[in-house]
Amino acid sequence: MTATHKEIIMSTENTIQHTIDKADLDGKQEYTITVYAENRIGLLNRIAIIFSKRKINIESLNTSPSEIDGIHRFNIVITESYEVVRKLARQIEKQIEVLKVYFNTNEEIIWQELALYKVSTDEIAEKVTVERLLRQYGASAVVIRKDYTVFAVTGHREETDALVKALEPYELIEFVRSARVAIIKDSAGFHEKLKEFEAFEPGEELVENEFLDKGEKIFTM
């Protein structure tokens with residue numbers, strides 16, 4: 001994707017825009033920044049520097065392939081004001097590999113996180129309360145061994161954190177949570193942006209040079 005391609009994609013007006021309300025401008029809230037970019041070495045480091053220079057903490061960062069071959073998708077979660085997030089999005093879009101950046105509140109996306117819990121198998125077998133808790137939070141067993149069992153739960157951070165607190169009295173051995181994965185509710189998919197690009201810049205037709213075979217007849221005095 002060339003720089004010209006990028007300019008055309010960024011200039012389209014009907015992109016997904018965050019809806020501003022008074023609460024956004026008055027204070028900080030959680031935003032998910034979605035970045036579509038070519039997966040090049042060093043890009044992630046340059047994006048991280050944009051945040052670190054402004055002393056902004058990244059709460060969650062996930063990278064994965066997108067619906068378009070060769071284009072990756074970054075999901076970055078921060079807590080900031082609308083104006084700060086808007087400026088960050090503009091700075092990220094200046095990176096040559098970046099095609100488009102969107103930012104949304106939690107109400108504007110569908111998101112999930114995966115959490116893994118390692119619990120003593122003896123505790124599960126002996127105490128009905130533990131088994132009941134795991135069922136209550138929709139946990140599914142991933143690995144069952146004599147000394148421990150690993151459960152997986154998908155959900156929002158508040159849900160996975162709540163299960164951590166509930167399991168603390170019952171020998172919770174380990175806990176780990178993945179970064180956020182998110183889909184924008186009102187998105188038609190980034191491939192629609194590429195279709196717009198094709199409409200803006202169709203393939204160039206071959207133009208013959210009428211003087212190509214004239215040689216010296218053209219350039220002699």
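A salt bridge here is a side-chain nitrogen of Lys or Arg within 4 Å of a carboxyl oxygen of Asp or Glu. Keep in mind that this is a predicted model, where local features need pLDDT of at least 70, side-chain atom pairs count only at pLDDT 80 or more, and totals for chains, interfaces and linings use all residues. Residues are numbered from 1 along each chain as its sequence is written, and side-chain values use heavy atoms, with hydrogens and water left out.

Start by selecting Glu-80 and Lys-28: their side chains form a salt bridge, 3.7 Å from N to O. Glu-80 sits in strand β3 and Lys-28 in the loop between α2 and β1, so the pair ties together parts 52 residues apart in sequence. (Helices, H or I of at least four residues, and strands, E of at least two, are DSSP runs numbered from the N terminus.) Buried or exposed: which is Glu-80? It counts as buried, at 12% relative accessibility, while Lys-28 is exposed at 59%. (Buried means under 20% relative accessible area, exposed over 50%, partly exposed in between, with a 1.4 Å probe and protein chains only.)

Next, pick Glu-59 and Arg-157, another salt bridge, with the closest N and O atoms 3.7 Å apart. Glu-59 is in the loop between α3 and β2 and Arg-157 in helix α7, so this pair links parts 98 residues apart in sequence.

Last stop: Lys-127 and Glu-123, whose side chains meet in a salt bridge at 3.1 Å, N to O. Lys-127 is partly exposed at 32%; Glu-123 is buried at 8%.
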